[in-house]
Structures are given as structure tokens and as C-alpha cells.
Amino acid sequence: MSANGWLQFALFSVILLASVRPVGIYLARVLEGERTWLDRVLHPIERLIYKLSGVDSAHEMNWREYAFAVLGFSAVSMVLTYAIERLQQFLPFNPQGLAAVGPDLAWNTAASFTTNTNWQSYVPETTMSYFTQMVGLAYHNFGSAAVGIAVAVALIRGIKRTTSTTIGNFWVDMTRTFLYVLVPASLVYALLLVGQGVPQNLKAYTTAHPLEQPKQTQTIAQGPVASQEAIKMLGTNGGGFFNANSAHPFENPTPLSNLLQMLSIFIIPAGLTYTLGRMTGSPGHGWAVLAAMFVLFTAGFATVYWAEAHPHALIHGAAQTATLTAPGGNMEGKEVRNGIAASSLFATITTDASCGAVTSMHDSLTPLGGMVVLINIMMGEVVFGGVGSGLYGILIMVVLAVFIAGLMVGRTPEYLGKKIEAYDVKMSMLYVLIFPLIILAFTAVFVLSPTIGLSSLANQGPHGLTEILYAYTSGAGNNGSAFAGLNANTWWYNVMLGWTMLAGRLLMMIPVLALAGNLASKKSVPPSPGTFPVNTGLFATLLVGVIVILSALTFFPALSLGPILEHLVLKAGQVF
Amino acid sequence: MHSVWKTSIRYTLVTAVLLGLGYPLVVTGIAGVLLPHKAGGSLILKDGQVIGSELLAQSFTSDRYFHPRPSAAGSGYDASASGGSNLAQSSKTLVDRIQGSIDKLSAENPGLPVPIDMVTTSASGLDPDVTPDNAIFQARRISKARGIDEDRIRKLVQQHVISRQLGVLGEARVNVLELNLDLDKMTK
């Protein structure tokens, strides 16, 4: 580890924390339907969208109606993407003449992008036409991000409203998120990325004749990269335009573009904590939630950075310690411009948030570094988390924390004036239990099957188990990063990971909306001396405790057979 | 229920046109006008022919040129099949490969510790950079092959070192293709 590495972490953190309040206020204004400075340009477009799609923007929905709209939009937009993939050879913007995507891969990819996962079983530059990338995939980067924010704000309304049957209008929440947040931010951001060197064109791949061997050729894949890159990060989607994702110099050419990408992953999830505090009239609560997230994030980064900066015990004769002119450490699967520190920071951020973009190959991380990024996902994608989904995820943890605090003092728990009763805890537990059930059940089946599971492994020994465990954790957590040595482009992996991603997204949103509806219908009770305050350091500590204990109890046995075992046997000199 | 489906279909079509086509085409238009070189992939031309991109590694194997990091992209430096080795730290293949490369380089350059980036594949397989240590390590070989004084080669490397961006971000590095282009301009 180096002082400069920590300086990069500090710089990132300061900029992020400074953004929380302004971003949170702006998001609250957009989602509460208040005026913003973009109104003059965007309000007519907003009204036009409602008109063209037949939306009554004044209509308020109850939670069931809201959930049906979420499912309806997800289903229709998923079918659209599937159709585009299957028909791309007949569609425009396909200068490479790429053929139709096979049915199992098209299903997997459609599910993946609809659910904000962006798991990629394919090599994009040889599989997806520009049309598919733009309309089939990047479109979902907007759509799934807006769905996440919509559900989160519906839950906030549930907390805030009293004796109400409704939690907002899904179409209005979506449209305002698109127009006032994601599109303008992506436009500016995409151009900044082009300024750093990210390509943006629609031409066929370039054939280059290398300097040393001009008779050979190098085919340089390009495309509308910057526009996709911007929303891929802002929407915590993470699906790369190229196979190497944000490690590819065309996606992420400079250390500055790397910093921008890291910030853009966290900026909306972090801002939403302030939105929560503002909309519920309890700013301290928003800060307490943010503090819990930040503690877990810092602990994750410190561990990954420490692990990755270590020299490999079995390699001799190389310079493996950091200097001013070489980063040292574990450079397999990392890029020189980012080195160890920025790569470790990116790996932590992308797994804390359900982004899944990568600047280093997670399969080649050290056993402990790889374990931390896996744990980040296993915590339920609540450490900042996906846009929107991170906030509603951690609010489920908040309900459980408040419930546990209530049990300790023997009182009916309250949360921001709402009594937390059996129904609320049941919905929260449903959310918390669906997640590990999907991960562990699918992992168990695939680990036990030599033909459909183990034949895809790239690495043997305990690391092989981790490859499969990581795949299903990433799918259920809607993360999308991978231990990419695993060949997931097989019928069984494609189909089952498709279901995993859909269950990890839609099945978990329904209890959230049910909770929102139930909370909205309750009366508000004034705080009493027995109320557990949710804006204190004690509360943040309890919240961290609940998250850590819950995921540790669930996943420790699996982790001990995977990365922990790998670490121990590697230290003992055993390779596979 | 009926109206949910109808709204979903209409809404998806309207927003797909706006966000899926409108947005990227607007960015393409603006970028193409304001930053044509970068939007076009930062290509380098020599005698009217594209020789590569500033941002992407390409293969160099002769003793006369600086070598980029090893590549796992396709069959090596394939700019249409980016990717890493994805080998685990506990992989025998990986440990044997790295140790084999180190032993070979140490035998050719006795007494010099081998920079670790020289024997590890990058994440993209297209990493255009090497560390300054890596480039300096190669100076002796190039000096012999070209018959140019080693100090002059080292000086050229020093001129090509890109420091941390804004003084803080990332790591110091040397772009191999640009370095090799300038190397070709050197006279004995």
C-alpha cells in the first residue's frame, strides 16, 4: 500500500460526500414534482411523452397498481430487447454484419439488462450490433435505473404518507427520472468521456497495420461507446461495450476517466440517502444511513487494497513492492494506468453498488480481495447499492434493525412515526430470505453437476467453487460482474442465470412495494421516550451490525469452502 | 390490467426511440463535430495508413522495439476480443507462466529485478502502457539491437513518462506505441 493510494481514496470520498446534499435535494425536487431549472426545456417533452403513451399523470396508484406497472414495463421492454437481439441481422447500424444472437443467450441478456444486472455471457464486440447495443441494451441502462429509483421513491412516500392508499404514479416517476436526471447528466458525462479518449462513432471496425509487422492486421472494434458508458455507470448497470468492460482503454482511457466512472457509480445512490432524509423530514436519518454505508465501503476498500498490494508468495525474482515508478502487487488482470490502488477502489465500488463494471479481472484477484468483492454483493447490494435498489434494500435492513431494537427493549418498534408490525417484518424477511435462497440453491445444483456446472470452470480447486458461487451471487444481487473465467455462455448457465436475475430483481421488488403500501396506510404516532431514534451513531452502528451479521450467518459456510480455503492452501504452497 | 399492458407497450416504444436512438445519435453528432480524432478512436496514421490507436497495445516482438505487457486478448493484442487471462492466483498455470517468464528475463538481464507488470497480462489485453521501470528494463536490449547508446534510450523513456494525472490519480506510465514511434526517429 502507498500513501498515494490512500490519497486517491480520500479524494474520491471528499468529492462524493460533497455531492450528497446537492444531488439529494435535486432528486427530491424532481421526484416530488417540484420545478427545476430544466423545466422550460423539458416540461413540454415530459407532457408529450405522457400524451404519446396515454399516461394520466395526475393519477395516483396504490401499491398493487404500481407493482403491475413495474412488471408490465419490465416484461414489455424485455421482450423488445429479446426481439432486437434475435433480429439484429435485419436491423440498421450493423456494419460488421453480425448474425442473430442465439435464443438462450438472447434470453439471458434480455433478463440481464432488464434487471439492471448487466451480466454478460458474450463478447460484445463480436456479438452485438450497434443497434442492439443502443436500443436493446443501453436503453435498459436508462429503464432499469429509473425503475430502481421509482420503487425507492415509492417506498419513501410510503414512509412519509399517513392513512393514504397510494404511493405515487410509476410512469411519472420514470419519466421525470429519465428527463430531469439521467438524460442531461449522461449527455454531459458522455462528452467528458469523449474528451478523455472514449470513441463515439457508428463506423465499421478499423483495420490497422501494426508498426512492427505491417503485413499483419489488427482489427480495432469501436462504436457508440461514450454514450453507453455514461449511462452504464450513472445507472449502476455495468454492462461493457467491450468484453474487458471498463478495463478496456476505449471505455476508460485515463486515470481521470476512471475517477469519473467511480464517482458516477456512487453519486445517485449516495444522493438518494439525502433525498430520503429530506422527503421524510428527518435529515439526520439520511445521514445515519449514509454513515453506515460509508463505514462498510471503507472497510471493504482497505481489505481489498491490502490484499492486492501483497506480493505473491510463490513468485520469486520480480519487483513486487510499490515504488513511484511501479505499482507492484498483484498486477495480473490489472491495467498499468490504474495500478493497484485505483483498481482496488473500483472493484470495491462496483460490487458495493450493484454496478458490475470492472477495471480489473475479478477472477485474478487474490483470494481475500476476491472474497471481499463477493461479500460486498452478498450483503445484499445495500452499501450504496444500485440506483434506487440500494436505498430500498438498506431500508429493509433499517426495518429489521428497528425491529431488533424494539425486541431488545420489549416495545412495538416505530420507524419515523410508523409502528412496525408483523406484516412489515414479514415483507422485510421475505426480501431478505429470497436472496440467499436463490444463490445457494443454484450454486449447490451447479457445483454438484459435472456436466452442466463444473465443465465451465476455468480454475480448479476451491477457486472453482468461488467461480460458480460468484456467478449466482452476482446474478441474484443484480451486480453483473463475474469471475469471468467461468464459461457462462452455455444453455444451462444462460437459462438459469436468466431466472436468477429476474427473481433477484422483480421477486424482491414486490415485498418492497407491499411494505410501501402498508406503511402508507398507517397513522403517524408521535415519538415517545421509548422510541429508538434513527438519526444517531448508535443507530448507524446497529444497522452495520444487522447487515454484517445477516450476511455472515448466511454465507460464511460457503465462503469458508471457497476463498478462505484457497487463501490458506495457497499460503501453504498449494496450487491447482 | 388491460390498460397496464397497453400503456407499457406505448411507453416502451416512445422511450426506446428517445433514449435508445435519440440520445446516442445526438452524442455521436456532437462528439464527431467537437472531438473528431478522439471520437474516431484516436487512430495513428503513418504514410496514409492506419497503424493502430494511441490507446491500444499492439504486438511488438523484435529486440529493436519496446514490448508491451503480455496479452490474453484473443490470440494476443486482438482489439476485437479484449479480455484478461482470468487465471486465479492459486492457478498452477498462472504461477508457472509468471515464474517461467521471470526466469527467462532474469537469465537475459542478470542482476535486475523483473518489473511485475512485465510478466502479468493486463485486464483488457490491450493495455497501451508499461510502467517506467518496465521500459527502463528494456533499454539495454534495445540499445544492443539498434547500436544506440543506452543512456539515450533511457532519456527517451524519461521523456515519455506520463505522470499521475492531476498529480494524484492512477500510476506513472509509458505509452509503448508512441515510444516506439519516436524510437524509430532516433539516429545512431
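Predicted model: local features only at pLDDT ≥ 70, side-chain atom pairs only at ≥ 80, totals over all residues.
Reader: Let's start with the overall form. What makes chain A agree with a compact globule?

Author: Its radius of gyration does. For 576 residues, a compact globule would have a value near 25 Å, and chain A has 23 Å, so the two agree. Along the principal axes, the C-alpha atoms of chain A fill a box of roughly 75 × 55 × 50 Å. Within chain A there are 17 helices and five strands.

Reader: Why is A:Val198 called buried?

Author: The cut-off is 20 or more other C-beta atoms within 10 Å. A:Val198 has 32 of them within 10 Å, and therefore counts as buried. Of the 576 residues of chain A, 63% count as buried.

Reader: Where in chain A is A:Val198, and which residues is it in contact with?

Author: You will find A:Val198 in the loop between H7 and strand S1 (206-208) of chain A. Setting aside neighbours within four places in sequence, its contacts include A:Leu193, A:Val225, A:Phe250 and A:Pro253.

Reader: How do you know how far apart in sequence the contacting residues of chain A are?

Author: Take the contacts between residues at least 6 apart in sequence: in chain A, 78% of these join residues at least 24 apart.

Reader: What makes up the side of chain A that touches chain B?

Author: In this model, 108 residues of chain A are in contact with 96 residues of chain B. Helix H7 (residues 170-196) of chain A gives the largest share of chain A's side, nine residues. By class, that side has 59 nonpolar, 41 polar and eight charged residues.

Reader: How do you know that strand S3 of chain A pairs with strand S3 of chain B?

Author: Pairing requires at least two bridges between the strands. Two bridges join S3 (residues 318-319) of chain A to S3 (residues 114-115) of chain B, so they meet that requirement, and they run parallel. Here A:Ala318 stands opposite B:Val114.

Reader: Why are S4 and S5 of chain B called edge strands?

Author: In chain B, three strands form an open antiparallel sheet in the order S4-S6-S5. Strand S4 (129-130) and strand S5 (161-162) of chain B each pair on one side only, and are its edge strands. S4 of chain B is joined to strand S6 (residues 173-175) of chain B by two bridges in the antiparallel sense, and B:Asp129 has B:Asn175 as its bridge partner.

Definitions and conventions. Residues numbered from 1 in each chain as written. Chains lettered and ligands numbered in written order. Helix = DSSP H or I, 4+ residues; strand = E, 2+ residues; numbered from the N terminus. Rg over C-alpha atoms; globule rule 2.2 N^0.38 Å. Buried ≥ 20, exposed ≤ 12 C-beta atoms within 10 Å, placed from the backbone. Contact = placed C-beta atoms within 7 Å. Nonpolar A, V, L, I, M, F, W, Y, C, P; charged D, E, K, R; others polar.
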